[in-house]
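Subject: Structure for you to look at

Hello,

Please find the structure below.

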Amino acid sequence: MLEVPFWLWVAFAATVVVSLTVDLLAHRSAHVIGFKEAAAWSALWVGLALIFGGVVFVVLGTTAGTEYTTAWLLEKSLSVDNLFVFAVIFAYFKVPRAYQHRVLFFGVMGALVFRGIFLSLGVAVVSRFTAVLFAFAAVLFYSSYKLLRDQEESFEPGKSFAVRLLRKIMPVRDEYAGMKFFVKEAGKRVATPLLAVVAAIEAADLIFAVDSVPAVLAVSDDAFIVYTSNAFAILGLRALYFMLAGLLDRFHYLNKGLAIILAFIGVKLVLQASHKTISTDIPEIPSPVSLAVIVLVLAGSVALSLLRPPPPADPVSPGKGEEADPPPDD
């Protein structure tokens, strides 16, 4: 484990808190986020992640810095699948575009908490039972197979466990009430559909954690590296979604690229586990090599998608099925 100075943990926490506060204050009122605004915010999040990575390089060394960068880029690439699911959820619940940022903001807050829990458990398990890496590799190989075969599990937002649990806890009204999550009807507190959407977003993130947690643990088993890289990748999801809204289906080869990356990380896990449990003569894949493979595969899949555009179709887009104008806030 790395000896991380306490001030670096404090600096990371302060950066996240300040960033989220500024983001929340900047989007207090409901409005549709356009491409330019989303691109500016996306550049800000990427810049913060890279600056923090530079600090990691300087303070913790080249190896730690490379692992952080690799883990961040890996999580960033895997999170692209989340964007497609966001579009499905928003279309299913007919979420007005002006309210989508508020939903994703609270979705990110929940994701930061749950990823922290899952990654902490993963690090603890790996540190005690190295052989579990073989099981993690099997998960990644299976996920890669499903992506290559276009057999991703369908996600039905209205039937997710989180949404069903919410409906059991309290009634959920059919109409939105501005950006409110709760309203009072006949003296009783009821949830608005906006809260159900947040629950669906959280449920989707739990599903994606099954892939991303084992993948990032293949890059590093240090709690600081895996959590900070995940956190900065998750923080930029909202801006990335709004920036790519309507363009997601153009990158139709991206799933194939992600499948290759998952399979590669699965091989890395097998070699890593074999090196530690069977023989030290078995080589491991260095982090710089992992970083290079991820960059090349991502760039190749994006370039191929642009060179060979998909045939005309009726894609699922964030704007499909949404209300043109949101009702005014109370």
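A nonpolar core is a set of buried Ala, Val, Leu, Ile, Met, Phe, Trp, Tyr and Cys residues joined through side-chain atoms within 4.5 Å. Buried means under 20% relative accessible area, exposed means over 50%, and partly exposed lies in between (1.4 Å probe, protein chains only).

This is a predicted model, in which local features need pLDDT of at least 70 and side-chain atom pairs count only at pLDDT 80 or more, while totals for chains, interfaces and linings use all residues. Residues are numbered from 1 along each chain as its sequence is written, and side-chain values use heavy atoms, with hydrogens and water left out.

The core

The largest nonpolar core has 100 residues. Phe 93 and Val 197 have the most contacts inside this core, and helix 8 gives the most residues to the core, namely 17. Contact means heavy atoms within 4.5 Å. Leaving aside residues up to four places away in sequence, Phe 93 touches Pro 157, Gly 158, Val 163, Tyr 176, Ala 196, Val 197 and Ala 200. In soluble globular proteins, nonpolar side chains tend to be buried together.

The whole protein

There are 12 helices and two strands. Both kinds of element are DSSP runs numbered from the N terminus (helices: H or I, at least four residues; strands: E, at least two). Along the sequence they follow the pattern α-α-α-α-α-α-α-β-β-α-α-α-α-α. Of the 330 residues, 49% count as buried. The C-alpha trace spans about 70 × 50 × 40 Å along its principal axes. The radius of gyration is 20 Å, which agrees with the value near 20 Å for a compact globule of 330 residues. That radius is taken over C-alpha atoms, and the globule rule is 2.2 Å times the number of residues to the power 0.38. Among contacts with a separation of 6 or more, 79% join residues 24 or more positions apart.

Helix 12

Helix 12 covers residues 287–307, which is 21 residues. From first C-alpha to last it reaches 30 Å, close to the 30 Å expected at 1.5 Å a residue (the expected span is 1.5 Å times one less than the number of residues). Which residues of helix 12 are buried? They are Ser 287, Ser 290, Leu 291, Ile 294, Val 297, Leu 298, Ser 301 and Ser 305. Seen down the axis of helix 12, these buried residues fall within an arc of 140°, so they line one face; the arc is that of the directions from the helix axis to the C-beta atoms. An α-helix has 3.6 residues a turn, so residues three or four places apart point the same way. The buried residues of helix 12 pack against helix 3 (62–78), helix 8 (193–219) and helix 11 (254–277). The face turned away from the buried side carries the exposed residues Pro 288, Leu 296 and Leu 307.

Two loop residues

Most residues other than glycine have a negative phi. Lys 94 has a positive phi, near 50°. Lys 94 sits in the loop between helix 4 (80–92) and helix 5 (100–128), and is partly exposed at 47% relative accessible area. Ala 186 also has a positive phi, about 55°. Ala 186 is in the loop between strand 1 (182–185) and strand 2 (188–191), and counts as exposed at 83% relative accessibility.

Regards
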